[in-house]
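Let's take a walk through a protein model together, one stop at a time. Keep the sequence beside you and have the 3D view open as you read.

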Amino acid sequence: MAVGRASSESTGAADTGQSGTSHPGELPRMTKITGIRGMNDISPSQTPAWQMAEHAAREVLATYGYREVRPPIVERTELFRRSVGEGTDIVEKEMYTFTDRGGDSLTLRPECTASCVRAAIEHGWLREGGQRIWHIGPMFRYERPQKGRYRQFHQLDVECLGFPGPDVDAELMLILARLWRRLGLEGLELQINSLGSRPTQARYRELLVEYFQRNRDALDDDSQRRLTTNPLRILDSKNPEMQQIVADAPSILDHLDPAEAAHLDGIRAMLDQAGLAYSLNPRLVRGLDYYTSTVFEWVTNRLGAQNAVCGGGRYDGLVAEVGGGGQSAPAIGFALGMERLVALLEEASIEPPASAPDAYLVAVGDAAAGAAHALAERVRDALPELRLVVDAAPGGMRAKMKRADRSGARMALILGDDEVAARTVSLKPLRSDSQQSAVAWAELPVRLAAEE
Ligand code: HAM
């Protein structure tokens, strides 16, 4: 898939030749340029909810000793082919891949685990011992956009590299439970499963293929195709007509070897002791090939079809695969979909703290306009936390006061040329019946602090 809009999705405006396009795939020159389908602008009214979610995540992760990393958004295509896997939807049809000017095949990251693993190997982080790291940022998948599913979306990605578990497996789940509590979110359900090691998966795959072959007529087209490419993913089918055949399929949990079963039991015992409820879902498979052993998702019934808020699991073979076999290390992680988290907050009417200014300074007249910013800076020096907005658009007193009111500020500071001459400002409370009063510039910080 090449970067850019496919022609079938363009605005439909015919290129008559008169308006002219500079390059193939570009819009005709006189057409309004819009954003790309499935890639959203997060508006100023939405960012407070994002910031609240990000802030909570940062704080919770810091308390567990996780450290932030910032890998690049673009990686070699080969990284994702090798890690996420050739047979996955992501690699088969969802990557934004392009050839750069030097002839290298690059891809906008569809996920972040592979980048974290590459960076850890490349910089020798694992030589310093286990690494608990996290990253928040945009990911890119050419999916069919719908509510909760976008082409640019954001993940909080958390990875524990170099730890065999099962303790860190449980820790990751506990971190998420703490994040939900901290944000006030309820109704999220933790589902866990084990996919076993590669040999277990190979044996289980054979059993599954045999079972689905026997029931081939009941499979939809997608599942028929997956029978040869990625049979485990049939278990993930959302088609209602497939649910019975999926429910009757052999369960991976009956085919784990003793060590794998003990690992899963270890997680369950820790979750039980910590009082975190979960359900065991033997049909839980993930859309990326690197998983072995533990997999888990947090799901909700409050977001419609896109019910997974967060997904992750163990990928003990990935360090060796990405590093070309030079090094191996056990690892586990998860990624939380930020759009879905913010949608959940909205659905639960969990509002971020108000972000309206405390004061709004209105200047009328030439002398006042000249003095406004100097006065505002002195106030900011004295009160670094104060949110003070200086009116900036043209208009008379009425228009300016209207903007002051619309800003949500609690106080207007009115500066006219007379006030400048007297070195005062009129302080007018906007959300109470208190009287307007003249305040000397020197007294202003003290008065504003008292109004807080
Ligand atoms: P994933 O299940 O592909 O896993 O994505 C994790 C989460 O990202 C999903 O549960 C969902 O909330 C969100 N998400 C995925 N695709 C979209 C989309 N198109 N639009 C909006 N949100 C989306 C991974 O990406 C793995 N790297 C997780 C992981 C980390 N495993 C181990 N470490």
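Before we start, one term: two residues are in contact, or touch, when heavy atoms of theirs lie within 4.5 Å. You're looking at a predicted model, where local features need pLDDT of at least 70, side-chain atom pairs count only at pLDDT 80 or more, and totals for chains, interfaces and linings use all residues. Residues are numbered from 1 along each chain as its sequence is written, and side-chain values use heavy atoms, with hydrogens and water left out.

Let's begin with R233. Not counting residues up to four places away in sequence, R233 touches R226, V285, R286 and G287. You'll find R233 in the loop between helix 7 (221–229) and helix 8 (243–247). Helices here are DSSP runs of H or I with at least four residues, strands are runs of E with at least two, and both are numbered from the N terminus. R233 is buried, because its relative accessible area is 16%. Buried means under 20% relative accessible area, exposed means over 50%, and partly exposed is in between, using a 1.4 Å probe and protein chains only. The side chains of R233 and D236 are also joined by a polar contact of 2.8 Å. A polar contact is a pair of N or O atoms within 3.5 Å; within protein, one must be able to donate a hydrogen and the other to accept it, and residues adjacent in sequence count only if both atoms are side-chain atoms.

How many residues surround the ligand? There are 27, and the closest are E111, E143, Y150, R286 and Y291. To be near a molecule or strand, a residue needs one of its heavy atoms within 4 Å of it. Now look at some individual atoms. In the side chain of E143, an N or O atom is 2.6 Å from a nitrogen atom of the ligand. On its own the ligand exposes 660 Å², and the protein buries 96% of that. These areas come from the Shrake-Rupley method with a 1.4 Å probe; for residues, only the protein chains shown count as cover.

Which elements give two or more residues to the shell around the ligand? They are strand 6 (152–161), strand 10 (308–314) and strand 11 (331–337). Strand 10 gives the most, with six residues. Sorted by type, the shell has 11 nonpolar, eight polar and eight charged residues. Nonpolar covers Ala, Val, Leu, Ile, Met, Phe, Trp, Tyr, Cys and Pro, charged covers Asp, Glu, Lys and Arg, and polar covers the others, Gly among them.

Next up, aromatic rings. The structure holds six aromatic pairs. Rings of Phe, Tyr and Trp (its six-membered ring) pair if their centres lie within 6.5 Å; planes under 30 degrees apart count as stacked, over 60 as edge-to-face and the rest as tilted. F296 and F334 have ring centres 6.4 Å apart and planes at 70 degrees, so this pair is edge-to-face. The pair links distant parts of the chain, with F296 in strand 9 (residues 294–299) and F334 in strand 11, 38 residues apart. F296 is buried, because its relative accessible area is 0%, and F334 is buried at 2%. Elsewhere, Y290, Y291 and Y315 form one aromatic cluster.

G165 and P166 are joined by a cis peptide bond, with omega at about 5 degrees. P166 belongs to the loop between strand 6 and helix 5 (167–183). S293 isn't a glycine, yet it has a positive phi of about 65 degrees. You'll spot S293 in the loop between strand 8 (279–280) and strand 9.

Our last stop is E92, in helix 3 (residues 89–94). Is E92 buried or partly exposed? It is partly exposed, because its relative accessible area is 39%. E92 touches E86, G87, R225 and T229, leaving out residues up to four places away in sequence. With R225, the side chain of E92 makes a polar contact of 3.4 Å.
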